[in-house]
Amino acid sequence: MSEPVLILMGSKSDWGVLRETGTELDRLNIGWRAHVASAHRSLARTLELVRDGERGGVRVFICGAGMAAHLAGVVAAATTRPVIGVPLAGGVGDGLDALLSTVQMPGGVPVATVAVGKAGARNAAVLAAEILALSDSQLEERLRRARTAQVDAVAEADATLDTGRTRS
Ligand code: RP5
């Protein structure tokens with residue numbers, strides 16, 4: 001079986017943000033591949049990647065695009081496997097345009113849309129991991145550990161916060 005997560009992006013210029021997705025998937029020890037596949041500039045290639053991905057065992061698609069961001073919706077139209085959309089900044093609405101394009105799918109063809117930009121790119125990886133963890137208890141445990149590490153990091157940040165005042 002190939003990697004369970006396929007990351008698609010509308011342009012090579014999106015990789016600076018989508019790299020966060022790959023980094024988070026690596027942290028969680030989940031296999032992934034990434035390709036540039038524009039819904040507008042290379043529709044046939046996009047559909048081919050979805051079809052080949054399904055055949056190869058991709059279980060979750062993560063699609064990042066900016067401006068008139070149709071990539072996630074087009075991929076969702078071509079598969080019944082979960083599609084996560086990452087809206088990217090850069091258009092006239094600085095991400096709000098891509099957010100609306102990605103999230104406003106008609107009933108029956110869902111795209112699980114995460115936040116605009118890097119936080120969304122990271123959360124797309126975590127959400128994909130949560131989906132995969134439904135049938136992988138070891139991954140579920142890794143996710144639990146990652147959450148605990150966040151709790152510890154907040155406590156550590158609080159403990160080392162220097163406000164210039166004495167704290168009780
Ligand atoms: C979208 O248009 C891409 O996802 C990218 O965010 C934006 C600009 O693309 P380039 O003109 O930089 O290739 O389709």
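Helix axes here are lines fitted to C-alpha atoms over the stretch in contact, and angles run from 0 to 180 degrees between N-to-C directions. With that in hand, let us walk through this structure, a predicted model in which local features need pLDDT of at least 70, side-chain atom pairs count only at pLDDT 80 or more, and totals for chains, interfaces and linings use all residues. Residues are numbered from 1 along each chain as its sequence is written, and side-chain values use heavy atoms, with hydrogens and water left out.

The overall layout comes first. The protein has 6 helices and 5 strands, taken as DSSP runs numbered from the N terminus (helices are H or I with at least four residues, strands are E with at least two). Along the sequence they follow the pattern β-α-β-α-β-α-β-α-β-α-α. The C-alpha trace spans about 60 × 40 × 30 Å along its principal axes. Of the 168 residues, 38% count as buried, where buried means under 20% relative accessible area, exposed over 50%, and partly exposed in between (1.4 Å probe, protein chains only). Among contacts with a separation of 6 or more, 67% join residues 24 or more positions apart; a contact means heavy atoms within 4.5 Å.

Now to the helix pairs. The axes of helix 1 and helix 5 come within 8 Å and cross at roughly 30°, and helix 1 passes helix 5 in a right-handed crossing. Right-handed means that the near helix is turned clockwise from the far one by less than a right angle, and left-handed anticlockwise. On the helix 1 side, Gly16, Val17, Leu18, Glu20, Thr21, Glu24, Leu25 and Arg27 meet Lys118, Ala121, Arg122, Ala125 and Val126 of helix 5. By class, this contact has 6 nonpolar, 2 polar and 5 charged residues. For these classes, Ala, Val, Leu, Ile, Met, Phe, Trp, Tyr, Cys and Pro count as nonpolar, Asp, Glu, Lys and Arg as charged, and the others, Gly among them, as polar.

Helix 2 (residues 43–56) and helix 3 (residues 71–78) form another pair, with axes that come within 10 Å and cross at roughly 50°. Leu43, Thr46, Leu47, Val50 and Glu54 of helix 2 make the contact with Leu71, Val74, Val75 and Ala78 of helix 3. That contact has 7 nonpolar, 1 polar and 1 charged residues.

Next, the interior. A nonpolar core is a set of buried Ala, Val, Leu, Ile, Met, Phe, Trp, Tyr and Cys residues joined through side-chain atoms within 4.5 Å. The largest one has 23 residues, and Val5, Ile30, Ile62, Ile84, Val86 and Leu139 have the most contacts inside it. Elements giving two or more residues to this core include strand 1 (5–9), strand 3 (60–66) and helix 6 (137–159), while helix 5 supplies the largest share, 8 residues. Apart from this core lies another of 18 residues, among them Ala65, Ala69, Val75 and Val111.

Most residues other than glycine have a negative phi. Asparagine 29, in the loop between helix 1 and strand 2 (32–36), has a positive phi near 60° and counts as exposed at 59% relative accessibility. Aspartate 94, in the loop between strand 4 and helix 4 (96–103), has a positive phi of about 50° and is exposed too, at 57% relative accessibility.
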